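Dear colleague,

Please find below the structure that I am passing on to you. My notes on it follow directly after.

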Protein chains: 2
Amino acid sequence: MSVQPLAVGQKASLTKCFGPAEVAAFADLSEDFNPLHLDPAFAATTVFERPIVHGMLLASLFSGLLGQQLPGKGSIYLGQSLSFKQPVFVGDEVTAEVEVIALRDDKPIATLATRIFTQGGALAVTGEAVVKLP
Amino acid sequence: MSVQPLAVGQKASLTKCFGPAEVAAFADLSEDFNPLHLDPAFAATTVFERPIVHGMLLASLFSGLLGQQLPGKGSIYLGQSLSFKQPVFVGDEVTAEVEVIALRDDKPIATLATRIFTQGGALAVTGEAVVKLP
């Protein structure tokens, strides 16, 4: 088997649902116990009306995609930018996508566009990842 | 009690240790099962020699600091940049810090410098957060 060289335009994606158990687990890890994420009664008093998933939990899927799929094993995460555009409600499905948008000539470093879509297709999180290739 | 207005230079921090259980929990959430984080035998074959904490798990502490401490409850996370500078080994203590560096005149939006330090004091993660104030 030969390793396929990375090319601009290559994409990978994964779909996942963060329910109350996953959001509670992330609250413990991040120490972010904002009731907007955890308490339906509190969330009902906000503009969001229902509990929303932590933005950084959504963004964690980029770590999974970059490390497991594209570029895949052995890649080293150098940087990430994130812009949180739309809420994702707890229990909704999301799709995370990464797409190679630049490859450096001088070093084994790739830039990937990173996006999270809601189950309705809205762009919830956008940004770019910079990764050192294996 | 009056709410203290936010000022440039204000800081908040928290210290935490991510052990094997926390790293395994984050692998489940993020779908990032890179053995560099989870398998000491594999990690021993890499330049890092020991398992390292996922960069995005370290960065999750910014969510906790911003949402719980500074600016605190009701703030809305608009964006985050991250640069991963140094590895953090599983089981080591880290300190996360946020510092207000800019306040917009026209809108209730703050920019905070965000940093993670290793237990040895090295800068492991750096970047900036943009937050809408309550």
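**Contacts between the chains**

Across the interface of chain A and chain B, 12 residue pairs are in polar contact, with both partners at pLDDT 80 or more. Please bear in mind that this is a predicted model.

On the side of chain A that touches chain B, strand 1 (11–17), helix 1 (20–30), helix 4 (55–68) and strand 2 of chain A each contribute at least two residues. Strand 2 of chain A provides the largest share of that side, namely nine residues. By residue class, the side of chain A that touches chain B comprises 16 nonpolar, 11 polar and five charged residues.

Two salt bridges are counted between chain A and chain B. A salt bridge links the side chains of A:Glu31 and B:Lys16, with an N to O distance of 2.6 Å.

As to extent, 32 residues of chain A contact 32 residues of chain B. The two chains bury about 2,800 Å² between them, and carbon and sulfur atoms account for 60% of this area. Of the area that chain A buries against chain B, 23% is supplied by A:Leu29, A:Met56 and A:Phe84, more than by any other three residues.

**Strand pairing**

Strand 2 of chain A is joined by five bridges to strand 2 (residues 76–84) of chain B, and the two run antiparallel. In this pairing, A:Ser81 lies opposite B:Ser81, and A:Gly79 has B:Ser83 as its bridge partner.

Within chain A, strand 2 (residues 76–84) also pairs with strand 5 (residues 123–132), in the antiparallel sense and over six bridges. There, A:Phe84 has A:Val125 in strand 5 as its bridge partner.

**A residue in chain B**

One further position may be of interest to you. B:Gln10 belongs to the segment before strand 1 (11–17) of chain B. This residue is classed as partly exposed because its relative accessibility is 27%, which falls between the cut-offs of 20% for buried and 50% for exposed. A polar atom of the B:Gln10 side chain lies 2.7 Å from the backbone nitrogen of B:Ala7. B:Gln10 and B:Val100 are 90 residues apart in sequence, yet their C-alpha atoms are 5.5 Å apart in space.

With kind regards

Note on methods:
Residues numbered from 1 in each chain as written. Chains lettered and ligands numbered in written order. Predicted model: local features only at pLDDT ≥ 70, side-chain atom pairs only at ≥ 80, totals over all residues. Heavy atoms only, no water. Helix = DSSP H or I, 4+ residues; strand = E, 2+ residues; numbered from the N terminus. Buried < 20%, exposed > 50% of the residue type's maximum accessible area, 1.4 Å probe, protein only. Polar contact = N/O pair within 3.5 Å; in protein donor to acceptor, adjacent residues only side chain to side chain. Pairing = 2+ DSSP bridges. Contact = heavy atoms within 4.5 Å. Buried area = accessible area lost by both parts, 1.4 Å probe. Salt bridge = Lys/Arg side-chain N within 4 Å of Asp/Glu carboxyl O. Nonpolar A, V, L, I, M, F, W, Y, C, P; charged D, E, K, R; others polar.
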